[in-house]
Each structure stands twice: as C-alpha cells, then as structure tokens.
Amino acid sequence: MPDPAPQPPRKAKDYKSDVKPIWCPGCGHFAVLSAITKALAQLALPPEQIALVSGIGCSSRLPAYTHVYGFHGVHGRALPVATGLKTARPDLTVLVTGGDGDGFSIGGNHFIHACRRNPDLTYIVMDNQVYGMTKGQASPTTAPDWTQSKLTPHGTGLPRFNPAAIALAAGAGFIARGFSGDPTGLAQLLVEAIQYPGLAFVHVLSPCVTFQPEQKAWKQRVHQQTESTTDDPLVAAQRMLQGDPMTTGLIFRTPASVISRPDVADQAATLTQMREQFLSG
Ligand code: SF4
Ligand code: MG
C-alpha cells in the first residue's frame with residue numbers, strides 16, 4: 001500500500017467552529033475542547049476525515065464547537081452510533097464525547113459492551129460527578145455523602161461507579177485519566193488514545209463549577225502519576241486504580257503483541273468478503 005499523502009501542518013483553531021460555547025464561565029469543558037483540538041492538530045488529521053459523536057448533556061454539546069463532522073445523539077447512545085459509523089466508514093477517525101451521567105448511567109451498558117467489542121474509537125468522558133445540564137442531580141460517580149441535590153438530601157449512600165476499573169474488567173485496551181486543568185497533558189494522552197487501534201477510553205476530570213463548586217479545588221489535588229516500578233501493565237493498572245483517584249496518566253495499554261480481539265471494522269470487512277464469496281458462488 002502506498003504511504004498516505006503528507007498532510008499540511010494544522011493549528012488547533014482549524015478544528016474549532018465559530019459557535020461560541022454556552023458553558024458556564026470556568027467550566028472544565030472549555031479546556032477539554034482545547035485539548036481535543038490540540039491533539040487533532042498535532043496529528044494533522046484532515047477535519048473532513050474526523051467525526052465526533054456525542055450523547056446528551058453539557059459536555060455533549062462539544063461537537064457543535066468543532067469544525068469536524070458531528071452527531072449530537074440520543075442520551076446515552078453515543079457509543080452504538082459511533083460503532084455503527086466506524087463500521088460503515090472505517091477510514092474515518094471517530095471520537096465520542098459525553099459526561100458521567102450520559103456515559104455511565106443511561107449509557108452504562110453500552111460502555112461495558114463497547115469495551116468488550118473493541119471498535120477503533122476514542123471515548124472521552126468529561127466527569128464532574130453530577131448531571132450539570134438538568135440542574136445538578138447525583139450521577140453514578142457522585143460521592144455517596146454529597147447532599148447538595150434536593151433529590152438526594154442525605155446523599156446517595158451508594159458507592160461510586162469506578163469507570164476505569166470497569167473499562168479494564170470489560171476488556172478495554174487503552175485506559176487513561178486526564179484533567180481539564182492540564183490541557184497540554186490531556187492533549188498528549190488524547191494523541192496516544194486516537195492512535196490506539198481499538199477502543200481507547202479517556203476519563204477526564206472536568207469540574208462543574210456551578211453544581212459542584214468545591215471542584216475548583218481539584219487544581220490543588222490532581223497530580224500526575226509517578227514512573228511505574230513494574231513492567232507488568234496489569235499490575236501497574238491495578239496500582240493506579242487502587243491509588244488516589246486524582247492521579248492522572250496512562251492507566252493501561254494492551255501490549256501490541258497481545259491485541260487479539262478482532263476490531264469491529266475487521267469483522268465488517270470479513271463479513272463483506274464472505275458475502276461476496278457467497279454471491280459469486
Ligand atoms: Fe459546565 Fe456545570 Fe455549567 Fe454544565 S452546569 S456548563 S457542566 S459548569
Ligand atoms: Mg456530569
């Protein structure tokens with residue numbers, strides 16, 4: 001196969017639309033938008049070769065603020081839409097964005113099975129531990145003793161959903177945690193995630209300054225992981241998942257030598273080949 005044509009250098013602003021975000025001033029999602037556009041610019045991907053699919057919620061507005069193809073989908077259903085798109089158009093780079101309510105509650109089942117199916121998607125979840133768009137209800141990642149919502153005045157009393165641990169258990173090959181307060185570090189994680197040839201899950205701590213104002217202090221709490229002292233990726237992931245949940249960095253990456261699950265696009269290609277063989281007798 002000939003090498004792909006060299007791409008002209010791109011800037012982050014080439015991927016931003018003229019639509020002004022309506023997020024609250026100080027919302028973490030502004031920086032996530034910047035990190036995504038920075039990562040796309042670093043990879044010099046042609047905007048017409050990128051699709052961004054989202055669900056519903058504050059963070060799911062993100063496709064409108066970009067200059068790539070976008071699909072603002074049904075609540076919790078961004079992953080199946082994106083999986084279908086990637087299957088039909090394997091040539092596209094497909095990113096999926098959403099929040100913790102969209103992705104882990106309504107879309108929780110899709111999250112688990114997307115990790116298991118391993119389509120070549122980058123799933124970016126902006127986690128602020130609350131439903132922001134619908135005025136601050138508890139989400140699956142809300143602390144059990146958070147009492148600020150009138151719906152849960154005594155807290156939820158429920159343990160938090162641990163997205164990265166669940167992604168690992170469900171078979172995701174690439175898992176990372178980033179922070180909107182470090183858009184450069186986040187952009188670097190996104191570059192690696194987009195290049196990963198399977199489902200890459202990037203869990204982003206992104207404060208909701210309106211309904212979880214105490215998250216403004218995350219800047220002081222979040223820190224990058226220290227260098228791992230083990231060569232075993234599963235042991236490293238386990239240590240990260242059992243450690244401080246405010247630690248950012250790569251959690252797990254399946255070594256290339258053991259990626260064995262077929263990608264959805266490969267499966268689609270195999271089915272097409274089988275159908276052609278069948279029709280040709
Ligand atoms: Fe951001 Fe929260 Fe405002 Fe939504 S409600 S835009 S998540 S600060
Ligand atoms: Mg949220």
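Over residues 56-204, how much of the chain is helix and how much is strand, and how far apart are the end C-alpha atoms? In this predicted model, that stretch is 33% helix and 19% strand, with its end C-alpha atoms 17 Å apart.

**Helix 4 with helix 5**

- Helix 4, spanning residues 108-117, packs against helix 5, spanning residues 163-170, at an angle of about 45° and with the two axes 8 Å apart, which makes helix 4 oblique to helix 5.
- The crossing of helix 4 past helix 5 is right-handed, and the contact is made by Ile 112, Cys 115 and Arg 116 from helix 4 together with Ile 166, Ala 167 and Ala 170 from helix 5.
- By class, the residues of this contact between helix 4 and helix 5 comprise 5 nonpolar, no polar and 1 charged.

**Helix 2 with helix 4**

- Helix 2, covering residues 78-88, crosses helix 4 at roughly 30°, and their axes come within 9 Å; because angles under 35 degrees count as roughly parallel, helix 2 is described as roughly parallel to helix 4.
- Leu 79, Pro 80 and Thr 83 of helix 2 make the contact with His 110, Phe 111, Ala 114 and Arg 117 of helix 4, and these residues divide into 4 nonpolar, 2 polar and 1 charged.

Terms used. Residues numbered from 1 in each chain as written. Chains lettered and ligands numbered in written order. Predicted model: local features only at pLDDT ≥ 70, side-chain atom pairs only at ≥ 80, totals over all residues. Axes fitted to C-alpha atoms, helices over the stretch in contact; angles between N-to-C directions. Helix = DSSP H or I, 4+ residues; strand = E, 2+ residues; numbered from the N terminus. Parallel < 35°, antiparallel > 145°, perpendicular 65-115°, else oblique. Left-handed = near helix turned anticlockwise from the far one by under 90°. Contact = placed C-beta atoms within 7 Å. Nonpolar A, V, L, I, M, F, W, Y, C, P; charged D, E, K, R; others polar.
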